[in-house]
Amino acid sequence: MTTLRLRPEDPADEAPVARVLATAFARPDVTTPPEVELVDELRRSDAWIPELAMVAEYGGEVVGYALLTWVRVRSDGGAAPALALGPVAVSPHRRRVGHGTAVVQAALDAATELGERLVVVLGDPAFYRRFGFERADRMGLTSPWSGLGEPWQALVLPPSASGEAPPPRGEVVFPPPWAKV
């Protein structure tokens, strides 16, 4: 019986991850989808968190990917760290069997274990709602994508300690690689 294996990405996964991203985000108007370059650039940036780059492996093949990287929430009181989820991708031949849900949940669980508190995402509300995401603007979070309404979402992860301060509110500032997407 073949099982799905969820684990952090390792250096040997770079090419398989690029293939998953390229097939998942394929468009007729581009040779290489921008999500492939985004992940490559994030890997080389200060936003990269190796243990939060998760792959889903099925039958020895990388078939899914979910990435969490650093962003900052800027407010009058300064800036606080948070995480951005994305890109999330599943190989077309393995969609609709739960691999996307599993790899996202694995990334969120790993972030919770690290004591992270806030994750933002731009994506399909019907998909991300199952993890507890809700409209980010209702949580006092803005970004270049705020005007899109429901797809701009946030999730407060369980606190690692009782009495922990509430998650930050303000403008979410993404690292430079995100400007190309």
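Modeller: Let's start with a word we'll need a lot: buried means under 20% relative accessible area, exposed means over 50%, and partly exposed is in between (1.4 Å probe, protein chains only).

Colleague: Okay, and what am I looking at?

Modeller: A predicted model, where local features need pLDDT of at least 70 and side-chain atom pairs count only at pLDDT 80 or more, while totals for chains, interfaces and linings use all residues. Residues are numbered from 1 along each chain as its sequence is written, and side-chain values use heavy atoms, leaving out hydrogens and water.

Colleague: Then why is W145 called buried?

Modeller: Its relative accessible area is 18%.

Colleague: What makes helix α2 "mostly covered"?

Modeller: Count its residues: α2 spans 34-43, and seven of the 10 are buried. They are E35, V36, L38, V39, E41, L42 and R43. By the way, helices (H or I, at least four residues) and strands (E, at least two) are DSSP runs numbered from the N terminus.

Colleague: What covers those buried residues of α2?

Modeller: Helix α1 (14-24) and the strands β3 (61-75) and β4 (78-90) are among the parts that do. The test is contact, meaning heavy atoms within 4.5 Å.

Colleague: Next one: how do you know that E57 and R7 form a salt bridge?

Modeller: The rule asks for a side-chain nitrogen of Lys or Arg within 4 Å of a carboxyl oxygen of Asp or Glu. For E57 and R7, the closest N and O atoms are 2.7 Å apart, so the pair passes. E57 sits in strand β2 (residues 53-58) and R7 in strand β1 (residues 4-8), so the bridge ties together parts 50 residues apart in sequence. Both ends are buried: E57 has 15% relative accessible area, and R7 has 9%.

Colleague: Why would such side chains pair up at all?

Modeller: Opposite charges on side chains can pair when the charged atoms come close.

Colleague: How many salt bridges does the rule give?

Modeller: It gives 10. R5, R7, D10, D13 and E57 are even linked in a network of them.

Colleague: What about E171 and R74?

Modeller: Their side chains meet in a salt bridge too, with 3.1 Å from N to O. E171 is in strand β9 (residues 170-173) and R74 in strand β3, 97 residues apart, so this pair links distant parts of the chain. Both count as partly exposed: E171 is at 35%, R74 at 44%.

Colleague: How do you know that β3 and β4 are paired?

Modeller: Pairing takes at least two DSSP bridges between two strands. β3 and β4 run antiparallel and are joined by 11, so they qualify. One spot to look at is R72, which stands opposite P81 in β4. The two strands form a hairpin, with two residues between them.

Colleague: And what links β4 to β5?

Modeller: Two bridges, with β4 and β5 (residues 118-122) pairing in the parallel sense. L83 has V119 in β5 as its bridge partner. With helix α3 (residues 99-113), these strands make a right-handed β-α-β unit.

Colleague: Why is a crossover called right-handed?

Modeller: Point the strands away from you: the path from the first strand over the helix to the second runs clockwise.

Colleague: Finally, how many aromatic pairs are there?

Modeller: Eight. F127 and Y128 make one of them, 4.8 Å centre to centre with 85° between the planes.

Colleague: What makes that pair edge-to-face?

Modeller: Ring centres of Phe, Tyr and Trp (its six-membered ring) must lie within 6.5 Å, and planes under 30 degrees apart count as stacked, over 60 as edge-to-face and the rest as tilted. At 85°, F127 and Y128 are edge-to-face. W145 and W178 are too, at 6.4 Å and 70°.
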